[in-house]
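Let's take a walk through this model, starting with its aromatic rings and ending with its pockets. Keep the 3D view open as you read.

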Amino acid sequence: MRVADSLEIPDELERARAAGELVVFAGAGVSMGAPANLPSFVRLAREIAVPKVPWKPIYAKGLDMYLGRAERENVDVQARARRILDVGGAHTPLHEDLLGLFGTADRVRLITTNFDTHFASAAAQVFPGERMPEYVGPALPPGQGFRGIAQLHGSLDRPESRLVLTDGDFAAAYMAEGWAARFLARVFADRAVLFVGYSLSDPIMRYLLHALPPTGRWFALWHRSAAGQGAEHRIHPVTFGKPRARDRYRDLNDGLKRWRWYATARAVDHDRELRRLVALGPPSSPLDADYLRARLLTNEGREVFWEVARGDRWFDWVASEGLLDGLVDPRGRDPYA
(Lines give C-alpha, C1' and ligand atoms only; values in the text may rest on other atoms or scores of the structure.)
Protein backbone atom coordinates (compact mmCIF):
# COMPACT_ATOMS: atom_id res chain seq x y z
CA MET A 1 0.00 0.00 0.00
CA ARG A 2 1.51 3.31 -1.07
CA VAL A 3 1.31 5.89 1.73
CA ALA A 4 3.59 8.59 0.23
CA ASP A 5 5.03 9.29 -3.20
CA SER A 6 8.20 7.32 -2.40
CA LEU A 7 7.00 5.05 0.42
CA GLU A 8 5.07 1.83 -0.09
CA ILE A 9 4.15 -0.43 2.82
CA PRO A 10 4.52 -4.13 1.90
CA ASP A 11 1.29 -6.11 2.00
CA GLU A 12 2.75 -8.57 4.52
CA LEU A 13 3.58 -5.73 6.89
CA GLU A 14 0.09 -4.22 6.66
CA ARG A 15 -1.49 -7.65 7.17
CA ALA A 16 0.67 -8.18 10.26
CA ARG A 17 -0.38 -4.79 11.62
CA ALA A 18 -4.06 -5.50 11.02
CA ALA A 19 -3.75 -8.94 12.66
CA GLY A 20 -2.03 -7.57 15.77
CA GLU A 21 1.28 -9.26 14.90
CA LEU A 22 3.39 -6.12 14.48
CA VAL A 23 6.33 -5.12 16.69
CA VAL A 24 7.89 -1.68 16.20
CA PHE A 25 11.58 -1.49 17.13
CA ALA A 26 12.62 2.18 17.34
CA GLY A 27 16.12 3.66 17.45
CA ALA A 28 17.87 6.99 17.82
CA GLY A 29 16.65 8.33 14.47
CA VAL A 30 13.12 8.62 15.83
CA SER A 31 14.17 11.20 18.44
CA MET A 32 16.47 13.27 16.24
CA GLY A 33 13.78 15.49 14.71
CA ALA A 34 12.22 18.62 16.20
CA PRO A 35 11.19 19.28 18.89
CA ALA A 36 13.12 16.41 20.54
CA ASN A 37 16.39 17.25 18.71
CA LEU A 38 18.38 14.50 20.41
CA PRO A 39 21.73 13.40 18.95
CA SER A 40 22.40 10.33 16.86
CA PHE A 41 24.39 7.57 18.54
CA VAL A 42 27.47 8.72 16.59
CA ARG A 43 27.16 12.26 17.87
CA LEU A 44 26.38 11.09 21.39
CA ALA A 45 29.47 8.87 21.45
CA ARG A 46 31.68 11.71 20.24
CA GLU A 47 30.31 14.17 22.77
CA ILE A 48 30.87 11.65 25.57
CA ALA A 49 34.40 10.57 24.70
CA VAL A 50 36.11 13.58 23.08
CA PRO A 51 38.62 15.00 23.97
CA LYS A 52 39.75 12.17 26.25
CA VAL A 53 39.69 9.75 23.32
CA PRO A 54 40.23 11.60 20.00
CA TRP A 55 37.68 10.71 17.33
CA LYS A 56 38.66 8.70 14.26
CA PRO A 57 36.27 7.80 11.40
CA ILE A 58 36.95 4.10 11.95
CA TYR A 59 35.14 4.34 15.28
CA ALA A 60 31.83 4.92 13.43
CA LYS A 61 31.69 1.14 12.85
CA GLY A 62 32.26 0.35 16.51
CA LEU A 63 30.69 3.04 18.66
CA ASP A 64 30.23 0.67 21.59
CA MET A 65 33.95 -0.18 21.50
CA TYR A 66 34.79 3.53 21.29
CA LEU A 67 32.74 4.22 24.42
CA GLY A 68 34.25 1.18 26.11
CA ARG A 69 37.70 2.59 25.49
CA ALA A 70 36.58 5.96 26.85
CA GLU A 71 35.33 4.29 30.03
CA ARG A 72 38.67 2.52 30.42
CA GLU A 73 40.28 5.96 30.10
CA ASN A 74 38.26 7.01 33.18
CA VAL A 75 35.53 8.90 31.30
CA ASP A 76 32.28 8.68 33.27
CA VAL A 77 30.32 7.46 30.26
CA GLN A 78 27.08 6.96 32.16
CA ALA A 79 26.98 10.41 33.76
CA ARG A 80 28.01 12.22 30.59
CA ALA A 81 25.39 10.39 28.52
CA ARG A 82 22.62 11.33 30.94
CA ARG A 83 23.74 14.96 31.03
CA ILE A 84 23.83 15.23 27.22
CA LEU A 85 20.47 13.54 26.69
CA ASP A 86 18.52 15.13 29.53
CA VAL A 87 17.75 18.34 27.65
CA GLY A 88 14.01 18.55 28.27
CA GLY A 89 12.79 18.37 24.65
CA ALA A 90 9.33 17.16 23.70
CA HIS A 91 8.34 14.09 21.69
CA THR A 92 7.92 14.37 17.92
CA PRO A 93 4.91 13.63 15.68
CA LEU A 94 6.78 10.49 14.61
CA HIS A 95 6.58 9.11 18.16
CA GLU A 96 2.80 9.55 18.09
CA ASP A 97 2.36 8.13 14.59
CA LEU A 98 4.32 4.96 15.38
CA LEU A 99 2.19 4.34 18.45
CA GLY A 100 -0.95 5.21 16.52
CA LEU A 101 -0.31 2.37 14.05
CA PHE A 102 -1.48 -0.10 16.69
CA GLY A 103 -4.95 1.44 16.84
CA THR A 104 -5.64 0.73 20.50
CA ALA A 105 -3.47 0.81 23.61
CA ASP A 106 -3.85 -2.91 24.32
CA ARG A 107 -2.29 -3.82 20.94
CA VAL A 108 0.91 -1.78 21.37
CA ARG A 109 4.16 -3.72 21.14
CA LEU A 110 6.89 -1.12 20.87
CA ILE A 111 10.52 -1.66 21.83
CA THR A 112 13.06 1.15 21.82
CA THR A 113 16.77 1.32 22.49
CA ASN A 114 16.44 5.05 23.17
CA PHE A 115 16.99 6.29 26.71
CA ASP A 116 14.56 9.22 26.52
CA THR A 117 10.95 8.95 27.66
CA HIS A 118 9.36 10.42 24.54
CA PHE A 119 7.31 7.33 23.71
CA ALA A 120 5.76 7.41 27.18
CA SER A 121 4.75 11.05 26.77
CA ALA A 122 3.48 10.37 23.24
CA ALA A 123 1.39 7.44 24.52
CA ALA A 124 -0.37 9.79 26.95
CA GLN A 125 -1.44 11.91 23.95
CA VAL A 126 -2.37 9.06 21.60
CA PHE A 127 -4.21 6.99 24.21
CA PRO A 128 -5.45 9.51 26.82
CA GLY A 129 -6.67 7.92 30.02
CA GLU A 130 -5.29 4.50 29.05
CA ARG A 131 -2.68 2.74 31.14
CA MET A 132 0.33 1.83 29.03
CA PRO A 133 2.59 -0.85 30.54
CA GLU A 134 6.22 0.32 30.53
CA TYR A 135 9.33 -1.80 31.11
CA VAL A 136 13.01 -0.92 31.41
CA GLY A 137 15.78 -3.46 30.79
CA PRO A 138 16.94 -5.67 32.28
CA ALA A 139 13.59 -5.85 34.16
CA LEU A 140 11.61 -7.09 31.16
CA PRO A 141 8.45 -9.21 30.98
CA PRO A 142 8.24 -12.67 29.38
CA GLY A 143 8.58 -11.98 25.70
CA GLN A 144 5.69 -14.08 24.41
CA GLY A 145 2.98 -12.03 26.12
CA PHE A 146 4.69 -8.66 25.91
CA ARG A 147 2.50 -5.63 25.33
CA GLY A 148 3.30 -1.98 25.98
CA ILE A 149 6.54 -0.03 25.70
CA ALA A 150 9.92 -1.56 26.54
CA GLN A 151 13.04 0.59 26.89
CA LEU A 152 15.48 -2.19 26.21
CA HIS A 153 18.73 -0.41 27.03
CA GLY A 154 17.69 1.63 30.05
CA SER A 155 15.94 4.92 30.72
CA LEU A 156 16.87 8.43 31.78
CA ASP A 157 14.16 8.38 34.42
CA ARG A 158 15.76 5.39 36.17
CA PRO A 159 18.92 6.95 37.64
CA GLU A 160 19.77 3.75 39.47
CA SER A 161 19.97 1.69 36.25
CA ARG A 162 22.93 1.42 33.92
CA LEU A 163 22.43 2.50 30.32
CA VAL A 164 23.64 0.06 27.64
CA LEU A 165 26.39 2.07 25.94
CA THR A 166 29.77 0.36 25.92
CA ASP A 167 30.95 -2.89 24.35
CA GLY A 168 30.89 -4.42 27.82
CA ASP A 169 27.27 -3.34 28.31
CA PHE A 170 26.22 -4.80 24.95
CA ALA A 171 28.12 -8.04 25.52
CA ALA A 172 26.40 -8.54 28.87
CA ALA A 173 22.92 -7.73 27.50
CA TYR A 174 23.16 -9.88 24.35
CA MET A 175 25.71 -12.56 25.18
CA ALA A 176 27.16 -13.10 28.67
CA GLU A 177 23.92 -12.49 30.58
CA GLY A 178 21.75 -12.51 27.47
CA TRP A 179 18.63 -10.92 28.93
CA ALA A 180 18.11 -8.62 25.90
CA ALA A 181 18.58 -11.46 23.39
CA ARG A 182 16.20 -13.77 25.26
CA PHE A 183 13.50 -11.11 25.45
CA LEU A 184 13.77 -10.21 21.77
CA ALA A 185 13.87 -13.84 20.61
CA ARG A 186 10.55 -14.47 22.36
CA VAL A 187 8.90 -11.25 21.16
CA PHE A 188 10.09 -11.71 17.57
CA ALA A 189 9.31 -15.43 17.33
CA ASP A 190 5.98 -15.27 15.49
CA ARG A 191 5.60 -11.58 14.69
CA ALA A 192 6.65 -9.11 12.01
CA VAL A 193 9.21 -6.54 13.17
CA LEU A 194 9.56 -3.02 11.77
CA PHE A 195 12.88 -1.32 12.52
CA VAL A 196 12.72 2.48 12.48
CA GLY A 197 15.60 4.87 13.12
CA TYR A 198 18.48 2.39 12.69
CA SER A 199 21.25 1.66 10.24
CA LEU A 200 23.28 -1.53 10.04
CA SER A 201 26.24 0.34 11.55
CA ASP A 202 24.36 0.77 14.85
CA PRO A 203 25.74 -1.51 17.57
CA ILE A 204 22.25 -2.82 18.32
CA MET A 205 21.95 -4.21 14.79
CA ARG A 206 25.34 -5.89 14.95
CA TYR A 207 24.60 -7.61 18.27
CA LEU A 208 21.05 -8.45 17.26
CA LEU A 209 22.09 -10.07 14.01
CA HIS A 210 24.69 -12.16 15.83
CA ALA A 211 22.38 -13.15 18.67
CA LEU A 212 19.11 -13.96 16.85
CA PRO A 213 18.31 -16.09 13.81
CA PRO A 214 16.43 -14.03 11.20
CA THR A 215 12.80 -15.01 10.71
CA GLY A 216 12.23 -13.57 7.25
CA ARG A 217 9.70 -11.14 8.78
CA TRP A 218 12.07 -8.29 9.60
CA PHE A 219 11.44 -4.98 7.82
CA ALA A 220 13.41 -1.73 8.10
CA LEU A 221 12.44 1.81 7.13
CA TRP A 222 15.52 3.17 5.38
CA HIS A 223 16.21 6.17 3.17
CA ARG A 224 16.58 5.13 -0.47
CA SER A 225 20.33 5.89 -0.30
CA ALA A 226 20.69 2.94 2.11
CA ALA A 227 18.45 0.55 0.17
CA GLY A 228 21.21 -2.02 -0.35
CA GLN A 229 21.92 -2.69 3.31
CA GLY A 230 20.29 -5.55 5.11
CA ALA A 231 19.82 -7.98 2.21
CA GLU A 232 22.40 -10.47 3.49
CA HIS A 233 20.65 -10.49 6.86
CA ARG A 234 17.19 -11.07 5.34
CA ILE A 235 15.96 -7.65 6.41
CA HIS A 236 13.42 -6.36 3.90
CA PRO A 237 14.10 -2.68 3.14
CA VAL A 238 11.07 -0.39 3.07
CA THR A 239 12.55 2.66 1.41
CA PHE A 240 11.54 6.30 1.16
CA GLY A 241 13.01 9.54 -0.14
CA LYS A 242 13.24 11.34 -3.47
CA PRO A 243 16.40 12.36 -5.33
CA ARG A 244 17.58 15.84 -4.39
CA ALA A 245 14.72 16.36 -1.95
CA ARG A 246 15.43 19.16 0.51
CA ASP A 247 13.75 17.30 3.34
CA ARG A 248 15.11 13.74 3.29
CA TYR A 249 12.46 12.52 5.71
CA ARG A 250 9.33 14.25 4.44
CA ASP A 251 7.90 11.15 2.77
CA LEU A 252 8.68 9.07 5.86
CA ASN A 253 6.80 11.46 8.14
CA ASP A 254 3.92 12.00 5.71
CA GLY A 255 3.70 8.29 4.94
CA LEU A 256 3.57 7.13 8.54
CA LYS A 257 0.91 9.73 9.27
CA ARG A 258 -1.19 8.40 6.37
CA TRP A 259 -0.60 4.78 7.39
CA ARG A 260 -1.70 5.67 10.92
CA TRP A 261 -4.86 7.23 9.52
CA TYR A 262 -5.60 4.08 7.53
CA ALA A 263 -5.00 1.94 10.62
CA THR A 264 -7.23 3.95 12.94
CA ALA A 265 -9.97 5.28 10.66
CA ARG A 266 -13.49 4.19 11.59
CA ALA A 267 -15.69 2.33 9.14
CA VAL A 268 -17.63 5.53 8.46
CA ASP A 269 -14.37 7.36 7.65
CA HIS A 270 -13.33 4.70 5.12
CA ASP A 271 -16.84 4.70 3.68
CA ARG A 272 -16.73 8.47 3.19
CA GLU A 273 -13.23 8.43 1.67
CA LEU A 274 -14.02 5.57 -0.69
CA ARG A 275 -17.19 7.27 -1.95
CA ARG A 276 -15.27 10.51 -2.46
CA LEU A 277 -12.59 8.79 -4.56
CA VAL A 278 -15.06 6.79 -6.64
CA ALA A 279 -16.95 10.00 -7.45
CA LEU A 280 -13.75 11.39 -8.97
CA GLY A 281 -13.40 8.52 -11.43
CA PRO A 282 -10.61 5.95 -11.89
CA PRO A 283 -7.55 7.19 -10.02
CA SER A 284 -4.55 8.82 -11.65
CA SER A 285 -2.71 9.21 -8.34
CA PRO A 286 -0.70 6.15 -7.14
CA LEU A 287 -1.72 7.01 -3.57
CA ASP A 288 -5.43 6.95 -4.41
CA ALA A 289 -5.07 3.81 -6.53
CA ASP A 290 -3.34 1.94 -3.71
CA TYR A 291 -5.99 3.04 -1.23
CA LEU A 292 -8.72 1.70 -3.51
CA ARG A 293 -6.87 -1.61 -3.96
CA ALA A 294 -6.47 -1.94 -0.20
CA ARG A 295 -10.18 -1.29 0.43
CA LEU A 296 -11.17 -3.77 -2.27
CA LEU A 297 -9.43 -6.46 -0.22
CA THR A 298 -11.97 -5.91 2.57
CA ASN A 299 -15.60 -7.01 2.58
CA GLU A 300 -16.81 -3.56 3.63
CA GLY A 301 -14.80 -1.81 0.92
CA ARG A 302 -16.04 -4.12 -1.85
CA GLU A 303 -19.68 -3.59 -0.87
CA VAL A 304 -19.35 0.20 -1.02
CA PHE A 305 -17.31 0.12 -4.22
CA TRP A 306 -19.74 -2.04 -6.18
CA GLU A 307 -22.61 0.07 -4.89
CA VAL A 308 -21.26 3.37 -6.20
CA ALA A 309 -18.82 2.56 -9.04
CA ARG A 310 -20.67 2.86 -12.36
CA GLY A 311 -19.75 2.92 -16.03
CA ASP A 312 -17.27 1.29 -18.39
CA ARG A 313 -14.34 3.30 -17.05
CA TRP A 314 -14.60 1.65 -13.66
CA PHE A 315 -15.09 -1.79 -15.19
CA ASP A 316 -11.98 -1.27 -17.30
CA TRP A 317 -9.96 -0.13 -14.24
CA VAL A 318 -11.05 -3.10 -12.14
CA ALA A 319 -10.22 -5.48 -14.98
CA SER A 320 -6.80 -3.85 -15.50
CA GLU A 321 -6.06 -4.39 -11.81
CA GLY A 322 -6.77 -8.12 -12.14
CA LEU A 323 -9.67 -7.89 -9.72
CA LEU A 324 -11.99 -9.79 -12.09
CA ASP A 325 -9.58 -12.64 -12.76
CA GLY A 326 -11.47 -15.07 -10.56
CA LEU A 327 -14.62 -14.56 -12.59
CA VAL A 328 -12.99 -16.11 -15.66
CA ASP A 329 -10.73 -18.59 -13.85
CA PRO A 330 -11.75 -22.07 -15.05
CA ARG A 331 -11.13 -23.38 -11.53
CA GLY A 332 -13.65 -20.85 -10.23
CA ARG A 333 -11.41 -19.30 -7.61
CA ASP A 334 -12.66 -16.18 -5.85
CA PRO A 335 -10.04 -13.37 -6.24
CA TYR A 336 -11.09 -11.97 -2.87
CA ALA A 337 -10.95 -15.24 -0.92
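Before we start, a word on helices: they are taken as DSSP runs of H or I with at least four residues, and they are numbered from the N terminus. Bear in mind too that this is a predicted model.

Now for the rings. Two rings pair up if their centres lie within 6.5 Å, and planes under 30 degrees apart count as stacked. By that rule there are 22 aromatic pairs here. Take Phe170 and Tyr174: their centres are 6.3 Å apart with 15° between the planes, a stacked pair. Why are these two separated by about one helical turn? Phe170 and Tyr174 both sit in helix α7, which covers residues 167–176, and they are 4 residues apart in it, so about one helical turn separates them. Both residues are buried, too.

Phe25, Phe188, Phe195, Tyr198 and Trp218 are joined by ring pairs into a cluster.

How much space lies in the largest pocket? It comes to about 940 Å³. The largest pocket is lined by 46 residues, and those closest to its centre are Ala28, Gly29, Val30, Met32 and Gly197. Several elements give two or more residues to this lining: the helices α2 (41–49), α5 (93–100), α9 (203–211) and α10 (250–264), along with strand β8 (218–223). Sorted by class, the lining of the largest pocket has 27 nonpolar residues, 16 polar ones and 3 charged ones.

The second largest pocket has a volume of about 480 Å³. Its lining is made up of 18 residues, with Met1, Glu14, Tyr262, Ala294 and Leu297 the closest to the centre. Which elements each supply at least two residues of that lining? They are α1 (11–18), α10 and α12 (286–296). Of these, α1 gives the most, with 5 residues. By class, the lining of the second largest pocket holds 8 nonpolar, 2 polar and 8 charged residues.

Methods:
Residues are numbered from 1 along each chain as its sequence is written. This is a predicted model: local features need pLDDT of at least 70, side-chain atom pairs count only at pLDDT 80 or more; totals for chains, interfaces and linings use all residues. Side-chain values use heavy atoms; hydrogens and water are left out. Rings of Phe, Tyr and Trp (its six-membered ring) pair if their centres lie within 6.5 Å; planes under 30 degrees apart count as stacked, over 60 as edge-to-face and the rest as tilted. Buried means under 20% relative accessible area, exposed over 50%, partly exposed in between (1.4 Å probe, protein chains only). On a 1 Å grid over the protein atoms alone, a cavity is a set of points where a 1.4 Å probe fits but cannot get out, and a pocket is an open set with protein on both sides within 12 Å along at least five of seven lines; lining residues have an atom within 4 Å of a point. Grid points are joined across faces, edges and corners, and a volume is the space filled by probe spheres set on the points. Ala, Val, Leu, Ile, Met, Phe, Trp, Tyr, Cys and Pro count as nonpolar, Asp, Glu, Lys and Arg as charged, and the others, Gly among them, as polar.
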